[in-house]
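Please look over the sequence and the model shown here.

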Amino acid sequence: MAAPLSVEVEFGGGAELLFDGVKKHQVTLPGQKEPWDIRNLLVWIKKNLLKERPELFIQGDSVRPGILVLINDADWELLGELDYQLQDQDSVLFISTLHGG
Amino acid sequence: MCQVGEDYGEPTPVGPTPLQPGCELKCVKCKEGLPVVVIRVGDAFCRNCFKAFYVHKFRAVLGKNRLIFPGEKVLLAWSGGPSSSSMVWQVLEGLSRDSAKRLRFVPGVVYIDEGAVCGQSPEDRAKTLDEVKQILQTVGFPWHIVALEEVFSLPPSVLRYFAQEPTGTEGAYKAAVGSFLQQQHAPAQGEEQLSVPGTQGLQTPAGPPIAVQTEARPPTAAQTVALSRLFNSVKTLTAKEELLQTLRTHLILHVARTHGYSKVMTGDSCTRLAIKLMTSLALGRGAFLAWDTGFSDERHGDVVVVRPMREHTLKEVAFYNRLFGVPSVFTPAIDTKAPEKASIHRLMEAFMLRLQAQFPSTVSTVYRTSEKLVKAPRDSSAGVPPGPRCLLCMCTLDIDTADSATAFGAQTSHLSQTQPPTPPAEALTAPCCSAGVGRPQGCCQGAGPCGREDPRACIIDQLCYGCRVNMKDLPSLDPLPPYILAEAQLRRQRAWVLQEIQEYLIEDSDDEAHTAES
């Protein structure tokens, strides 16, 4: 059983438009059986934060190609991408490099 | 999809990772630092090495091409987006370096406010402009803010090609660097007299950047209405994007010419250029790929567009801006929140990026292709005056009436039939009123070169294939800004006069016959 986590989720490069224009979200992830990884976080974001057009942010179980993910200011490719296990106080940043955000 | 992870082949930490990210990995360059960004498959860089790599690439692109002469005035086209912001920052940093490595040109920044066509309210536009000004003041270069509405007051001459004496030889570059260095050692008054190829006869370039600011008068409501009317009349998002790009280019060119800049730098990244290459192909602009996507673009003659960010991927740009605090302004674009299949541009972007996610060399492969393209104008470049140019994109026309076997030929020959071979006698009266900027389309109705044609054909005739296809999505050309209509009229008249006097000319020049045909 994983304890609740406090995580900072941030959006940039226009991705924030899908989240009411709010860039920084300080969120608390509830405790659950499995540990929290990015895969779960995306599902949680889709359910709780995403305001419109989910297909412009999430495709399949990952982010849409063209959206970069930084975990604590490092490339998520170094950290196992979707399998990275979140720690308390982590910060996750999504930057859209797509034209028009 | 599971292959994606395997491709990267990094020893990704399995199981719960402590807070030190990638503790088993080291930077591939210095073998010491903690890596923060993966640039190519398996190449992880630490913060410092990434910065050195990024800065070096920018300078190397400029150094390799030797197009920008010392002391030359260069206009940085800044949209507020990540790539062009990064470019402005690279220039800023490059100018403040120690003498040996210092960039030696004189920059200015232009920002085009496109809020009117991107669905921004006047309040939002004002807010964006405040942010823009704040950043421009921090940067400290001379700047020019222009509203897109100003296309309605552009002169027709924007659409003309101004030849420039050839400069780009190796020797000329070295000589220019030499004389620049000499002048720098000379007392300060020398700085004022830099003779820079391409800026002669224009305003004297200022020595050190002086914060000259030109700010657009706020556009009149009527102009904003006219602009919205124009864009609302366009039937597809694809054509809207192309039109926006055309008008934006004309405005930047106008700013560059009126303020004596002989180069314009745009922030096109490698990723964008790869997408643009594929998009251009799909839009029927294959003939101009080398100009549309190459390092330098000489289609305007006196003002050369260069793309110094063309070796940086968008990922590198985004990471650099994030890690080193490069400010940018986010403004919604014309296609913001549009679905993936809304336009060819959008579709091609999604296609390329999705491929890239699975095959990480997609973008670089396409981009390398763009590097290999050679600019070969139909009428070999040396000495021969350029043939007729497209009214909108200003590329040498790719229209070939002899080529009737293809769909392309069929379309163009259909159009050429609309031109009467010789004008009937009553049209021999003086060409109708000099094309006033105010109501040029009125001209076409009277007797004169376009008298029997509808004004639409008169404009379409002067476009390249890609622009013709694009203009099909405009039901009426009347809402186009006056300078385009006026220039079309002027060209038509010129061609008509040429045709008129042709029989009195001694038949020795192929050029004129060629021009008259167009």
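B:Arg66 lies in the loop between α2 and β3 of chain B, where helices (H or I, at least four residues) and strands (E, at least two) are DSSP runs numbered from the N terminus. Although B:Arg66 is not a glycine, its phi is positive, at about 50°. With a relative accessible area of 30%, B:Arg66 is partly exposed, given that buried means under 20% relative accessible area, exposed over 50% and partly exposed in between (1.4 Å probe, protein chains only).

This is a predicted model, in which local features need pLDDT of at least 70 and side-chain atom pairs count only at pLDDT 80 or more, while totals for chains, interfaces and linings use all residues. Residues are numbered from 1 along each chain as its sequence is written, chains are lettered from A and ligands numbered from 1 in the order in which they are written, and side-chain values use heavy atoms, with hydrogens and water left out.

**A second residue with positive phi**
- A:Gln89, likewise a residue other than glycine, has a positive phi near 70°.
- The position of A:Gln89 is in the loop between β6 (74-75) and β7 (91-96) of chain A, and its relative accessibility of 55% makes it count as exposed.

**Chain B overall**
- Chain B has 18 helices and nine strands, and 51% of its 518 residues count as buried.
- Among contacts (heavy atoms within 4.5 Å) in chain B between residues at least 6 apart in sequence, 73% join residues at least 24 apart.

**Helix α3 of chain B**
- Helix α3 (residues 82-95) of chain B has 14 residues and reaches 20 Å from its first C-alpha to its last, close to the 20 Å expected at 1.5 Å a residue, the expected span being 1.5 Å times one less than the number of residues.
- This helix is mostly covered, since 11 of the 14 residues of α3(B) are buried, among them B:Met87, B:Val88, B:Trp89 and B:Leu95.
- The buried residues of α3(B) pack against helices and strands of chain B that include α2 (47-65), β3 (73-77), β4 (106-113) and α4 (122-139).

**Helices α11 and α12 of chain B**
- The axes of α11 (residues 344-358) and α12 (residues 362-372) of chain B come within 8 Å and cross at roughly 120°, where axes are lines fitted to C-alpha atoms, for helices over the stretch in contact, and angles run from 0 to 180 degrees between N-to-C directions.
- α11(B) and α12(B) are therefore oblique to each other, as angles under 35 degrees count as roughly parallel, over 145 as roughly antiparallel, 65 to 115 as roughly perpendicular and the rest as oblique.
- B:Met352, B:Leu355 and B:Gln356 of α11(B) meet B:Thr362, B:Val363 and B:Val366 of α12(B).

**B:Thr214**
- B:Thr214 is in strand β6 (residues 213-215) of chain B and, at 28% relative accessibility, counts as partly exposed.
- Leaving aside residues up to four places away in sequence, B:Thr214 touches B:Trp143, B:His144, B:Ile145 and B:His259.
- The C-alpha atoms of B:Thr214 and B:Pro142 are separated by 8.3 Å, although these residues are 72 residues apart along the chain.

**Interface between chains A and B**
- In this interface, 34 residues of chain B are in contact with 34 residues of chain A.
- The area buried between the chains is about 3,000 Å², of which carbon and sulfur atoms give 60%; buried area is the accessible area (1.4 Å probe) that two parts lose on being put together, summed over both.
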